[in-house]
Amino acid sequence: MKYLLIIFLCLFPLNFVFSDDPSTPLNGNLYSSQNSPFIPSESIIYSDTSILEMHGLITGNGRIYSTLHEPTEGIYNILDRNVGSDISTSEEGFSIVLTGNSERYRHGILGDKNEATGFSVVKNNELIGQYELGGNQVFETLRALIADIIPENDGDEILLTVSDSTLGSRIEVFSLQGEFFNSMYGMA
Amino acid sequence: MKLVESASFSYVSTHQIGSNNLNMAVSSNFDGREGPELLIPSSDFRSLLVIKYHGDQVEIINEFVLPGRLSTNIYLENTIIPSIWVGTDNGLIVNIL
């Protein structure tokens with residue numbers, strides 16, 4: 001069995017061991033700027049999925065997307081990457097990798113009971129920041145969101161949903177160096 | 001810095017329990033005016049709502065009833081003529097223009 005795993009890892013780059021979602025924006029953020037404004041105003045229904053191919057789109061695993069993500073440099077040093085999660089990358093070249101594979105809070109809301117418990121920040125192949133949750137807390141997400149939500153702080157911040165078996169869920173904000181900034185309670 | 005809720009709106013959802021699809025909403029400045037809008041499913045995933053925020057007010061700009069339950073991510077095709085693509089649980093594809 002061990003040799004089969006070694007052969008598998010040799011055949012496929014480490015990136016492909018993890019199931020990245022090709023529909024996830026690179027910075028993890030659902031905001032997208034527009035080339036030209038339009039207000040969604042009418043819909044057309046198609047019974048044949050080949051219409052997507054005609055527009056250069058791909059379907060698979062319940063996702064619609066245009067291209068696969070390029071492998072992100074620097075993740076090879078992250079040995080404890082969370083399986084099934086996505087790497088988020090900022091325009092400045094910071095990559096946020098979720099780490100840990102824990103079942104200490106088995107809510108399974110994202111499809112399995114394996115949850116991330118920390119994150120690492122990589123830039124230019126170097127680890128520049130890390131954070132690890134305590135207690136029964138896990139990250140209830142498959143990717144970090146990167147956004148500049150604190151104007152007085154240089155650069156972007158990291159937003160993650162934290163789930164606690166006692167306190168429920170909340171959004172937490174971190175610096176790119178792994179420093180905790182603030183949280184917002186009151187989520188379901 | 002403190003995160004403060006400025007507006008809220010119920011009866012919408014972006015995730016189905018047990019799914020690893022976290023891309024069931026998109027945000028963009030669709031109308032080109034101040035502030036972004038949100039394209040988000042209703043809580044039963046049978047409609048898509050276009051929502052705009054005005055300070056602490058929330059306005060539904062448009063609503064699209066889907067021919068089934070939303071079963072894919074919401075893909076924003078950001079080309080010269082932008083549009084939105086989604087799939088439903090009965091195998092249909094919806095293009096929103």
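Reader: Hey, what share of chain A counts as buried?
Author: Of its 188 residues, 43% count as buried. Buried is under 20% relative accessible area, exposed is over 50%, and partly exposed is in between, using a 1.4 Å probe and protein chains only.

Reader: Okay, and what kind of model is this?
Author: This is a predicted model, where local features need pLDDT of at least 70, side-chain atom pairs count only at pLDDT 80 or more, and totals for chains, interfaces and linings use all residues. Residues are numbered from 1 along each chain as its sequence is written, chains are lettered from A and ligands numbered from 1 in the order in which they are written, and side-chain values use heavy atoms, with hydrogens and water left out.

Reader: How many helices and strands are in chain A?
Author: Chain A has two helices and 12 strands. Along the sequence the pattern goes α-β-α-β-β-β-β-β-β-β-β-β-β-β.

Reader: Switching topic: how many salt bridges are there over all chains?
Author: Five, in a search of the whole structure. A salt bridge here is a side-chain nitrogen of Lys or Arg within 4 Å of a carboxyl oxygen of Asp or Glu.

Reader: Which residue does Arg63(A) pair with?
Author: Arg63(A) meets Asp21(A) in a salt bridge, at 2.7 Å from N to O. The two are 42 residues apart, with Arg63(A) in strand E3 (residues 63–65) and Asp21(A) in the loop between helix H1 (2–11) and strand E1 (43–46) of chain A.

Reader: Are those two buried or exposed?
Author: Arg63(A) counts as buried because its relative accessibility is 6%. Asp21(A) is buried too, at 7%.

Reader: What about chain B, which residues form a salt bridge network there?
Author: That network links Asp31(B), Glu37(B) and Lys52(B). Within it, the closest N and O atoms of Lys52(B) and Asp31(B) are 3.2 Å apart, and both of those residues are buried.

Reader: How much area is buried between the chains?
Author: About 4,100 Å², with carbon and sulfur atoms giving 61% of it. The contact takes 49 residues from chain B and 47 residues from chain A; contact means heavy atoms within 4.5 Å. The area is the accessible area (1.4 Å probe) that two parts lose on being put together, summed over both.

Reader: Which side chain of chain B does Arg143(A) make a polar contact with?
Author: The side chain of Asn23(B), at 2.7 Å. Arg143(A) sits in the loop between strand E8 (137–139) and strand E9 (145–147) of chain A. Arg143(A) also touches residues including Leu22(B), Thr24(A) and Leu160(A).

Reader: Last one: where does Glu91(A) lie?
Author: In the loop between strand E4 (88–89) and strand E5 (95–99) of chain A. Glu91(A) is exposed, with a relative accessible area of 81%.

Definitions and conventions. Helices (H or I, at least four residues) and strands (E, at least two) are DSSP runs, numbered from the N terminus. A polar contact is a pair of N or O atoms within 3.5 Å; within protein, one must be able to donate a hydrogen and the other to accept it, and residues adjacent in sequence count only if both atoms are side-chain atoms. Lists of a residue's contacts leave out its neighbours within four places in sequence.
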